[in-house]
Amino acid sequence: MLIINEDDLQTIFANCSREYPNEACGILAGSPGVVEQVYAMTNARPGLASYEMDPEEQFRVMKAIRRSGLGIVGIYHSHPSGPAYPSGIDVERAYWPGTLFPNFPDAAYMIVSLAHPSNPAARTFAISDGQISEVELIVRQA
Ligand SMILES: [Zn+2]
């Protein structure tokens, strides 16, 4: 289960819409199971079907997250025209958090679909060893 405030979710949707038609990506910081801060990240390799966080920016953001006493509870990226479901590439590259963020084994993958641009949809998943399981996303109204 991952809990997020409505306004944080809207921040994510705005970031994804801004990067359209490329994929957007970002980091979700908070306490276990609760998103408290959204960091939109630069897509260092923008493409219609891929994203890669800029390593230096990622390092800076991780430091800021640690300093604020929070942890990484997830990462998000958009599917500009696809469903809010992990692609083959997403599963293949689900080496994070194991490699990229070794201290955050429970972090979830949020995928935002812009298939209906005026009505973005978000779903959250755990991906490990090639297995996808949905993590319930609870949106808290302000
Ligand atoms: Zn994807």
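This is a predicted model: local features need pLDDT of at least 70, side-chain atom pairs count only at pLDDT 80 or more; totals for chains, interfaces and linings use all residues.
Local features need pLDDT of at least 70, side-chain atom pairs count only at pLDDT 80 or more, and totals for chains, interfaces and linings use all residues. Residues are numbered from 1 along each chain as its sequence is written.

The protein has three helices and eight strands. These are DSSP runs, numbered from the N terminus (helices: H or I, at least four residues; strands: E, at least two). Their order from the N terminus is β-α-β-β-α-β-α-β-β-β-β. The radius of gyration, taken over C-alpha atoms, is 14 Å. This agrees with the value near 14 Å for a compact globule of 142 residues, where the rule is 2.2 Å times the number of residues to the power 0.38. The C-alpha atoms fill a box of roughly 35 × 35 × 30 Å along the principal axes.

Buried residues make up 33% of the 142 residues. A residue is buried if 20 or more other C-beta atoms lie within 10 Å of its own, exposed if 12 or fewer, and partly exposed in between; C-beta atoms are placed from the backbone.

G69 lies in the loop between helix 2 (55–67) and strand 4 (71–79). G69 is exposed because 9 other C-beta atoms lie within 10 Å. G69 and S31 are 38 residues apart in sequence, yet 8.8 Å apart in space, C-alpha to C-alpha.
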